[in-house]
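Hello,

Here is the structure I promised to pass on to you. Have a look at it first, and then read my notes below.

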Amino acid sequence: MIEVERLRKSYGSFVAVDDVSFTVQPGKIFGLLGPNGAGKSTAIGCISGLLQPTEGRVRVNGYDVVKEGKAAKQGLGVVPQELSLYEDVSATENLLFWGAAYGMRGSELKGRTHDVLTYTGLLDRAEEPVKNYSGGMKRRINFGCAIMHRPKVLLLDEPTVGVDPQSRVRLFEMVKEQVAHGTSVLYTTHYMQEAELLCDELAIFDHGKLIADGTLEDLRGMVGEKDILRLAGNFDAEKARAALTPLPDVQVVTAESDRIRLSVADASRRLPELFEAITRAGGEVRETTLSQPSLETLFLKLTGKELRR
Amino acid sequence: MKNAWFIARKDLKYMMRQWGALLWLFVMPIVFFYFIGTAMGGLSMVTGGRTQLAIKVPGDAGFLADEVIRYLEKDDFEITRSETDLAFQSASPRLSFPSNFTEDVLGGTKTVLELTRQESGLAKDYDEMRARRAILTVLAQLAAAEKAGRAPTPESLAALDEVPRALTLKAAPAGERLEIPMGLDQSIPGMMVMFTLIVLLTSGASTLVQERNEGLLKRLASTPISRRELVMGKWIGKMILGAVQIAFAMLAGSVLFSFGWGPRLPMILLVMLGWGALCASLGLWLGCTARTEAQAVGIGVLAACVLAALGGCWWPIEITPSWVQGLQKLVPPGWTMDALHKLISFRAGAASAIPHVLVLFAATWVVGLVAARRFRYE
């Protein structure tokens, strides 16, 4: 279980994480969503003990990460975004090293190494140097190193970056299997689809702040029934904003140069009305894109940015 | 400490798998022992043996020039006559007699002999002193001949030389004359000191930089291994690597080159332990400071070569000008080489190296603390 209470991390006047609180329950996957620089990795750093929080408290399995660091870290497994592996040595030696780093020794360590190699599907290439592996295989052994000591809490920082579809599916399966054993998982990602597929609960980060959180149903409720409509053409975005804002049930999300994003209920039926408003403002619509309500829609509404194209 | 040892063992195992590290650890020192030792052994410098002295004697220099040369030979100069002017000008040391040397001396006209030595320092002073002694002896012979009413001829001077001296002045050094280590006596301790520094500044530092850049240190931060244990482990790993280098170099020196470490072996080992510890701290500091592996290796090689040269690892510091000898006292390899020369070549007592050992361990502590403060996971 992870308990984050009013976490704040600042570097001088720059606040990377600002008053963030959330809890990850055992047997649940909690997703952290946000663009680059949103503060996700800083939050992960504070939870994993890499960074010292400026304010607030983080507890892992009931242990304070700052005051009871060793006990907290003993039950924590981290799958970093970068492949943190000794590439010149074999998968077996990597697993032996990371297991031993958590205090495992002797037959327990060897047995667990064999189990994890089998679990990650790398047993037949266990003695090859990791540098010879494909990206997907490296990701799997990266995950394997984190679960050697059977942690009760797993932090996964964008674990599927650069992974082929097959390995991605296997990684998802492995995460779900850990959760089925009662492990709490904190999962950060850029990919909305991953978050929707895997996470029981989600928090959306932007500019160091948690701007929305809850279960998938809660967040979908926040999106409502409105569509996201993107319009582009020969018009001045600010003039178009002025023309569209007075219309009922139309919310301007972003407006820049010759394009504008709107949150509109029943958008397909209201297209003529919207086109007319822009024409009256002296513009002309040349391109229209309509998106159905989704987490991405919510993210766009809340942050004014797309998460990943 | 259990975690620190775990990190140290892992580091050592990892470094010992790298071909580059193995080459610098076990192959290059032997190659350098041999080549530097051979080159040093071939140089004509002040050693326990005779010094080669090139001379230029014009045909009209006369018999007094032969007399001076005879006394120079008596004083351990090996006289060579250069066949060409060019060969004479490139020789060092060299002595040039003027034309009409004998005639001018007997006629009371001032005349000048030119002694040239390219190097400065003690060796030059020693050559000058011996040349003066030869000239003064000849002048004394002339004075004695005059007093005895004999004409100054080769025969009369030879006869005077046979007469027992009424008064003899015997001069001897108060202490034992130090023989400057040359050949393998210089290259084995010197290259051992230099390679320990090179290996720990390059392999030791670059491994740490690589681990940081690949996110391995960051990942280690999330394990129960504390920062202190990790830093200590990194230092111990480098220290063991240094000890392996030193032990191998000493063994190779003894077995392959029959090098004698002398009766002060325990103190030599203590000096080298201090040197290995300081190199481990320096390697840790460079690993904590450099941003890329290339930077760590580049700085490491450059620093090691410059410090080794200033510290007297390449050549005996005793043959260098006094300002270079002064610089030696400022650089860590210099402290180590000075102690080794005292213990191995000058046969000084073990106590003579105590200040060196204390300084090495104090520097280890200071540099280690600075490195620990600079240590960062990412």
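Predicted model: local features only at pLDDT ≥ 70, side-chain atom pairs only at ≥ 80, totals over all residues.

H3 of chain A runs over residues 91–101, and eleven of its eleven residues are buried. Among them are Leu95(A), Leu96(A), Phe97(A) and Trp98(A), and the list also includes Glu93(A) and Asn94(A).

What do the buried residues of H3(A) pack against? In chain A, their partners are helix H4 (106–119) and helix H5 (135–147). Chain B contributes helix H1 (2–15) and helix H9 (216–221).

Now for chain B as a whole. You will find 15 helices and four strands in it. Its radius of gyration is 28 Å, whereas a compact globule of 378 residues would have one near 21 Å. The C-alpha trace spans about 100 × 40 × 35 Å along the principal axes of chain B.

Which domains does the assignment give for chain B? Domain 1 covers 2–42 + 183–374, and domain 2 covers 51–161. Their C-alpha centres are 49 Å apart.

Of its contacts with a separation of 6 or more, 81% join residues 24 or more positions apart.

Enjoy exploring!

Definitions and conventions. Residues numbered from 1 in each chain as written. Chains lettered and ligands numbered in written order. Helix = DSSP H or I, 4+ residues; strand = E, 2+ residues; numbered from the N terminus. Rg over C-alpha atoms; globule rule 2.2 N^0.38 Å. Contact = placed C-beta atoms within 7 Å. Domains from an automatic or database assignment. Buried ≥ 20, exposed ≤ 12 C-beta atoms within 10 Å, placed from the backbone.
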